[in-house]
Amino acid sequence: SPPTVIVFCEQCGSGLLCEMECHEHAWPFLVPVNTKQFPQYKKVIKCPMDLSTIKRKLHDGTYKCKEEFASDVRLIFSNCEVFNEDDSPVGRAGHNMRQFFDARWAQL
Ligand SMILES: Cc1ncccc1N[C@H]1CCCS(=O)(=O)C1
């Protein structure tokens with residue numbers, strides 16, 4: 001990736017990812033959803049995404065631009081809205097984390 005993207009990934013992406021990983025409401029999104037625990041998930045959610053996968057992609061230099069990083073983050077939250085009721089622990093965590101991300105992203 002071009003230097004600007006590398007700088008973003010190292011300085012902002014990884015920092016923002018860290019802030020999300022340690023966020024109080026990140027617990028549902030830290031690792032891929034366990035499809036043995038949630039057998040329907042694989043069928044319903046065509047593009048699973050989670051924070052550990054984004055971390056690996058960031059580290060591997062997969063993101064060509066910071067918007068690609070942002071769209072994977074937002075994919076976590078859109079998947080969450082598809083599978084979880086708004087008024088559920090995971091559903092509420094998803095809304096909370098999306099609001100956190102949107103606010104931090106706007107500050108970059
Ligand atoms: C993000 C998500 N969407 C749908 C179902 C489950 C999850 N996350 C799980 C992660 C492990 C703990 S849990 O099993 O309570 C919730």
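1. Contact here means heavy atoms within 4.5 Å. By that criterion, and not counting residues up to four places away in sequence, Asp72 touches Met49, Ile54, Lys57 and Tyr63. Asp72 is found in helix α4, where helices (H or I, at least four residues) and strands (E, at least two) are DSSP runs, numbered from the N terminus. Asp72 counts as buried because its relative accessibility is 10%; buried means under 20% relative accessible area, exposed over 50%, and partly exposed in between (1.4 Å probe, protein chains only).

2. On provenance: this is a predicted model, in which local features need pLDDT of at least 70 and side-chain atom pairs count only at pLDDT 80 or more, while totals for chains, interfaces and linings use all residues. Residues are numbered from 1 along each chain as its sequence is written, and side-chain values use heavy atoms, with hydrogens and water left out.

3. Helix α4 covers residues 66-83. The expected span of a helix is 1.5 Å times one less than its number of residues. For the 18 residues of α4 that gives 26 Å, and the end C-alpha atoms are 26 Å apart, so the two values agree. The buried residues in α4 are Phe69, Ala70, Asp72, Val73, Ile76, Phe77, Asn79 and Cys80.

4. Helix α5 (residues 89-107) has 19 residues. From first C-alpha to last it reaches 28 Å, close to the expected 27 Å. Its buried residues are Gly91, Ala93, Gly94, His95, Met97, Phe101 and Trp105.

5. Which residues surround the ligand? They are Trp27, Pro28, Phe29, Val33, Gln37, Phe38, Tyr41, Phe83, Asn84 and Val90, where a residue is near a molecule or strand if one of its heavy atoms lies within 4 Å of it.

6. A backbone N or O atom of Pro28 lies 3.2 Å from a ligand nitrogen atom. A polar side-chain atom of Asn84 lies 3.2 Å from a nitrogen atom of the ligand, and a polar side-chain atom of Gln37 lies 3.5 Å from a ligand oxygen atom. Taken alone, the ligand exposes 400 Å², and the protein buries 77% of that; accessible areas come from the Shrake-Rupley method with a 1.4 Å probe, and for residues only the protein chains shown count as cover.

7. Pro28 also deserves a separate entry. Its place is in the loop between α1 and α2, and with a relative accessible area of 16% it is buried. Leaving aside neighbours within four places in sequence, Pro28 is in contact with Val90 and Ala93. Pro28 and Asp50 are 22 residues apart along the chain, and their C-alpha atoms are separated by 8.8 Å.

8. A search of the whole structure finds 6 aromatic pairs. Rings of Phe, Tyr and Trp (its six-membered ring) pair if their centres lie within 6.5 Å; planes under 30 degrees apart count as stacked, over 60 as edge-to-face and the rest as tilted. Phe29 and Phe77 form an edge-to-face pair, with 5.9 Å centre to centre and 90° between the planes. This pair links distant parts of the chain, 48 residues apart: Phe29 sits in the loop between α1 (3-21) and α2 (41-44), and Phe77 in helix α4. Both Phe29 and Phe77 are buried. Ring pairs also link Tyr63, Phe69, Phe101 and Trp105 into a cluster.

9. The loop between α3 (51-59) and α4 holds Thr62. Is Thr62 buried or partly exposed? Thr62 is partly exposed, because its relative accessible area is 39%. Thr62 touches Lys57 and Glu68, not counting residues up to four places away in sequence. The C-alpha atoms of Thr62 and Phe101, 39 residues apart along the chain, are separated by 20 Å.

10. Lys64 is found in the loop between α3 and α4 and is exposed, with a relative accessible area of 57%. With residues up to four places away in sequence left out, Lys64 touches Pro2 and Val5. Lys64 and Thr4 are 60 residues apart in sequence and 10.0 Å apart in space, C-alpha to C-alpha. The side chain of Lys64 makes a polar contact with the side chain of Glu68 (3.2 Å). A polar contact is a pair of N or O atoms within 3.5 Å; within protein, one must be able to donate a hydrogen and the other to accept it, and residues adjacent in sequence count only if both atoms are side-chain atoms.
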